[in-house]
Amino acid sequence: MPDPLRRLSADAPVAAMLEAYEADGALVVEGMVPGGIVADLCAAATTYAEGVEPGVADQGMGEDGKFFVGANTIRFSSLGRITPAYFDLLDNEVYAALADAVLLPNCGSYWVNTAQVMFIGPGEQAQVLHRDADNWFQHVAPTWPDCPEVTISAMIGLEEVTEELGATRAVPGSHRWPELNVYEYDLETVPAELAPGDAFVYSGKVLHGGGENRAADRWRRAMHLSFVVGWLTPEEANPLDYGPGDLDGRSPRVQRLLGHRSYNPRPHLGGGLWLRHVRPIEDQA
């Protein structure tokens, strides 16, 4: 079995977190999200989930997507519409420092790929092992495994997440494997167990998947937040959740992450993207 995931406190040096991330492709950052934010997110997500049918999310891929998500798993996004705690999460300084270090060598800025509640219900089977970077397979495949990092993800515990409840399982070191398969089966994995506010932070290049929920009557309550370089299309159409002026009171970072600022490639080469009237969105009233 692979060695357990490294676990570091949120007040550990970012350099130490990055060392673990680069070596294994993942780590657990303990206490990354403050308790008040976690409590608000959990309460809002749990209430909203009561109106969401398990197994209906399909990743935009029909029946193949439903197989990927699972029959007794609840997923939904648009989290800023159900609680303002989501905007506080986007401004999390520890996750921002990690994302900056991983992604900014390859882009001028990045934005939210997806923010999803992922509640795994009793009896749900283990998810197939996959890599998040495969969303952009045509970019990743030609130079795998030496392709640039284009996405970083965090699975955040909203309640205690144990192996029995379906903690995400990972294959440390798989971000460096020479083989690139869309799905993997029957590999040795390690669980990313979480206390509320802990985050399993992982590379888009590392194999992982939701675990089997072996509990009789308890749900695994966690959420996913990932970023992608600003020159790629994200999984979720996050900008559609907010009309003109809705984010005026939010930080420039939040506005950029949610697509209400344009993409500037500097200091890298490239052109301005996500413009309006051939000008940056933020320069227009």
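Surface patches are built here from residues with over 30% relative accessible area and no salt bridge, like charges being joined within 9 Å and nonpolar side chains (Val, Leu, Ile, Met, Phe, Trp, Tyr) within 5 Å. The model is predicted, so local features need pLDDT of at least 70 and side-chain atom pairs count only at pLDDT 80 or more, while totals for chains, interfaces and linings use all residues. Residues are numbered from 1 along each chain as its sequence is written, and side-chain values use heavy atoms, with hydrogens and water left out.

Select Asp40, Asp88, Asp91 and Glu93 to begin, for these residues form a negative surface patch, where Asp and Glu count as negative and the place of a charge is CG of Asp or CD of Glu. Within this group, Asp88 belongs to helix α4, residues 85–90 (helices are DSSP runs of H or I with at least four residues, strands runs of E with at least two). Asp88 is partly exposed at 42% relative accessibility, a class between buried, under 20%, and exposed, over 50%, with a 1.4 Å probe and protein chains only.

Next, turn to the salt bridges (a side-chain nitrogen of Lys or Arg within 4 Å of a carboxyl oxygen of Asp or Glu), of which the whole structure holds seven.

Select Asp198 and Arg7, whose closest N and O atoms are 3.5 Å apart in a salt bridge. Asp198 sits in the loop between β7 (190–191) and β8 (199–203) and Arg7 in strand β1 (residues 7–9), so this pair ties together parts that are 191 residues apart in sequence. Asp198 is buried at 6% relative accessible area, whereas Arg7 is partly exposed at 37%.

Move to helix α3 (residues 62–69), where Glu63 and Lys66 are three residues apart, about one turn of the helix, and where their side chains meet in a salt bridge at 4.0 Å, N to O. Glu63 is exposed, at 61% relative accessible area, and Lys66 is partly exposed, at 31%.

Then select Glu159 and Arg221, a salt bridge with its closest N and O atoms 3.5 Å apart. This pair links distant parts of the chain, 62 residues apart, with Glu159 in the loop between β5 (151–157) and β6 and Arg221 in strand β10 (residues 220–229).

Finish at Arg169, which lies in strand β6 (residues 169–170) and is buried at 18% relative accessible area. Beyond its neighbours within four places in sequence, Arg169 has contacts (heavy atoms within 4.5 Å) that include Leu129, Glu163, Pro191 and His208.

Key. Accessible areas come from the Shrake-Rupley method with a 1.4 Å probe; for residues, only the protein chains shown count as cover.
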